[in-house]
Amino acid sequence: MKTIYTKTISTLILLLIFSTSYGQTLLEGVVKDEQESPVEGVNIVVKGTVNTTTTDANGNFSIAAKALPFTIIVQYAGYNTKELKITELPTTTKPLQITIATGEEKVLSEVVVTSRRRIEKAQDIPIAVSVVTGKQAEQAGAFNVNRIKELVPSVQLYSSNPRNTGINIRGLGSPYGLTNDGIDPGVGFYVDGVYYARPAATTLDFIDVERIEVLRGPQGSLFGKNTTSGAFNITTRKPSFTSGANFEVSYGNFAYLQAKASVTGALAKNVAGRLSFSGTQRDGIIDNIRTGKPTNTLNNQGIRGQLLFTPTENTNITLAADITTQHNDGYAQVVAGVAPTKRVPQRQFNAIIADLNYQLPSLNAFDRKIDHDTPWRSGQDLGGASLNVESKIGGGTLTSTTAWRFWTWDPSNDRDFTGLQVLAKSQNPSRQTQFTQEVRYAGKITSKLNGVVGVFFIDQTSKTKGTEESGTAQWRFSQDSFTPANTALWKTPGLFEGYGIKTNAQIHSTSAAVFGQLDWAVTDRLHVLLGLRYNYDKKDADYDRKTYGGLQTTDPALIALKKKVYTDQNFSSDNDDTDFSGNITVSYKASAKINAYGTFAKSYKPIGVNVAGLPTPPAGQTLSDLATVKPEDVTHYEFGIKTSPFKNSILNLTFFNTDIKDFQTNVQAAELGVNRGYLANADQVRVKGAELDASFVINNHFSVNGAASYTDGKYVKFTNAPLPLEETGSAVSFKDVSGTDLPGTSKWAGSLGTEYTKNAKFFGNLGKFFIALDGYARSEFSSSPSASKYLVVPGYAIFNGRLGFRVADGLSASIWGRNLLDKDYYEQLLPAGGNSGQYAAVLGDQRTYGVTLKYSL
C-alpha cells in the first residue's frame, strides 16, 4: 500500500506542476466584513452562468471569468446580498476587495445546498436537511457514512459486512439485518448527482468531499431515483482553473495510516482537472488465537479524477471517473452470548459443543478474541465514470447526468462464529453493474413560479454465485433425533463433510420515471410547493441452487438427513409495476428569523423479488408467487420550523409521522420444522418522532452545535414474523409481533460538540489554534427483526476530541482521539446460522488516537 501512496502522490505533484503551464482569465478577490476581517464560506455566483465558488478561510476566491463586463452575486447568511458589476479585471496594484454589510445582525455561517437542484441556503428550504461540510467531516474524523451517523443522529447504519449493509433514516430505509438484492434501498445515495444503487458504497472512504447533505423524508419529486426515507446528496470538490493542492497524512495506534492528496489546476484555456486520492490502512483490532494474527484490518484505497470543460460561459461539462478498493481481513464477529432455546436439551449450543469437546476462547465479547477456522475476507471494488453537462438556458439550468458504475464483492465468512467446522465455507461473491441517465431542468418559469422537471432511467444487473459448505461438526449442530440408531446415522463418516450448495442468482431490473416540483410564491412569504412522480419498475429474477459433495449414497435414510441440511431449488420471476406519487408543501416565512413549513407526501418503494431460498409454497401457490414482494405504500406527514432565535444561532425543530403499508421485510414460513425466513410484506408499520438541530456561536472563540432525535417505530400489524432466538423450537413457527418496536431504532439519539478557536501563528503561518470535544449517544435498541431479550443492544455514549492548529494555506497539525473513555459497546447483535443459541456481535472500536498533518498550497 505504501508503494501505491508513493506512486499516486508523485502523479498528483506532476499534475500540479503541469497545470501551471496553462491559465484562464480569472476573477480573483477577497471578501471582508465591516471590521476588515476575512469571511469564509461566502457564496460567489457569476450571474447568468453556472459558475459558482466559495471563499476560503482567508476570504479569498477565484472564479472563471471570460467576457467583460459581467456581474457577480455575493451571498452570505446574515449579510445583505450584493451584486457587483465587473468592468475590468483586478490587478496587483488595484486588487478586488468586497466588503459585505450585515442586515440587522450577524448569524451563523450557512452553507449553500443543492438539494432542490438550485443554489440555496439550508435555512431557507422547506426540507429537513442536515449539512456536513467536507471540512467538518475531516476534522471530526468522519471518513465514511458510519462516522457521519455520529453527527446526524437520525441516521442509522448497520454493517456486519459491506454486502449486508443497511442505511436508515428515522428508522426506515432497509429491512434491519436482511441482505437481499431484490429490494430497493429506501435511502438514496448520490455522489455529484450519480445514484449509487448498492448500500455497500456507504462503507467506503469519502474522496475529496466538499459537502454532505442528509435529506430526511420522501424525496421522489426532486431526485432521479425514488427514495421513501431520505437521501445522501454528496458533492465532491470540483476542478479549478487556479492551481492548488492539499496533502494530508494521519498516524495512529493499531498502526493506523491514512493518506489523502488532491491537486487541481488549468490544463488548457478551457479545461481544468482535479485528481484526488485517499488511502486508509490499520492493523486488526480482534485477535484470532487460531492463526495468531489480528483480524478486522482496514485496507482501503480510492482515486477520483475529474476534467472540467467550459466551452462557453453558460456551459460546464464534467467528466469524472473513480475506483475504490477495499481488501480487508475484516468484519469478523465475536460470540457475545448464548441464549437458551425451546429445543430439546441435546440441541442447546452448550450441550452441542460439550459433545464435540470444544470451548469458546472467551465468554466475554470485549476480550476481542476469536478462534475462527474459516478466514474472514471482505474484498470489494466499486467504481465507474460519469458525464455531467450543465447549461444555462433561459431562466434556469438544464442538466444531463450519464453514468455507468460497477460493484464487485469477494467475501469469506465464518457464520457459525466458532473454531468448529460447522460451516467450512460461506461466501456469496457478487457483481453488480448499472447504467443511469438523468435529464433535468430547474429554474424560474415566471416571477412567481420556480420549478424542477426531470426524467430518470436506471438499468442494473446483479449476479451472485454463492457457496455454502458443511464441515466435520455439521452433523451435531443439525442433529434433531437422539436415539442411538439415529445418532449413528447422523455420525456416518463423511456424510456432511464437503456437502454444500452452489447458488446462481441473477436480477435484472429497470426503472424509468418522470418527476417534477413546482414552487409557487403566493406572496413573498407564503410558498406552495407541489411535487409529482410517475414511475415504472420491472424486475426479472432467476434463482438456481444445487447440492453437491458429501457422502455419495443410495441409502434413503442418509439421503433424508442430507436433505434436512440442504436441498435443490430453482425458480424464476418476472414482475413489473407502475406508480404515481407526490407531495404538497406549504411554507411560510413569518420573519427573517422564522421559517415554517408543513408537508404531506405519498410515496412508495418498488416491487421486490426474492433471490434467496424459499419455503415450500402453500396449496395453490408456486415458488414464483412467493418470489414476488409487493411494493410499499408510504403516507408521510411532516411539520418543521427553522429559526434564528437570537444573534449567531440556529434552532430547527421537525415533527414527522410515516405510515407504511406492505412493509418489505423478512417473514417466517408457516411450516413447522422449516427454519426458513424469506422476503415478503408485513401489514403495516408506523414511525413518528421529532428532531432538533441547533448551532450557536457564543463569541469569537466558542461555538456549540448539537442535534437530537426522538424516534418511535412500531409494527402496527405483523402477524407472521420470525421467532425470536430464544423461542426457536417452539410449537409454532412464527409470531405475532404487532405493537412491538421496529429493530435498529433507538428512541433517543443525540450529538453535541463544542470548539474553542484563537488566532495564532505556527511555523510562520497565521491561522487558528483549536480544541474541540464532541459526543454521540443513543438509547438501547432491538437488534432482532422480532424482539429478543438477548439481542438488545444497550445504549451507549462515546466521546471524541482533537486539538491543533489549522490554516487555509500552509501546514496544519492536530492530535485526535476517538472513544476517549474506551467505552465497550455493540453496534449490532446477530444470531449464528442455524439458531443453535449462540449470538455474535459487531463491536464498536476501542479507543483510538493519532496525529494528522496537512499541507495546503
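## A cluster of rings

Phe189, Tyr196 and Phe232 are joined into a cluster by ring pairs. Please keep in mind that the model you are looking at is predicted.

## Ring pairs across the chain

How many aromatic pairs does a search of the whole structure find? The search gives 22 of them. One of these is formed by Phe366 and Tyr826, whose rings are stacked, with 5.0 Å from centre to centre and 25° between the planes. This pair links distant parts of the chain, as its two residues are 460 residues apart. Phe366 belongs to the loop between helix H4 (349-355) and strand S25 (369-370), while Tyr826 is in strand S49 (residues 826-831). Tyr826 counts as buried because its relative accessibility is 15%, and the cut-off for buried is under 20%.

Now turn to Tyr499 and Tyr566. Their ring centres are 5.7 Å apart and their planes meet at 55°, so this pair is tilted. Are Tyr499 and Tyr566 buried or exposed? Both are buried.

## Charges over rings

Rings also meet charged side chains. Arg170 places its charged end over the ring of Phe656, 4.2 Å from the ring's centre. Over the face of Phe770 you will find Arg806, at 4.4 Å from the ring centre.

Note on methods: Residues are numbered from 1 along each chain as its sequence is written. This is a predicted model: local features need pLDDT of at least 70, side-chain atom pairs count only at pLDDT 80 or more; totals for chains, interfaces and linings use all residues. Side-chain values use heavy atoms; hydrogens and water are left out. Rings of Phe, Tyr and Trp (its six-membered ring) pair if their centres lie within 6.5 Å; planes under 30 degrees apart count as stacked, over 60 as edge-to-face and the rest as tilted. Helices (H or I, at least four residues) and strands (E, at least two) are DSSP runs, numbered from the N terminus. Buried means under 20% relative accessible area, exposed over 50%, partly exposed in between (1.4 Å probe, protein chains only). A charge sits over a ring if NZ of Lys or CZ of Arg is within 6 Å of the ring centre and within 35 degrees of the ring normal.
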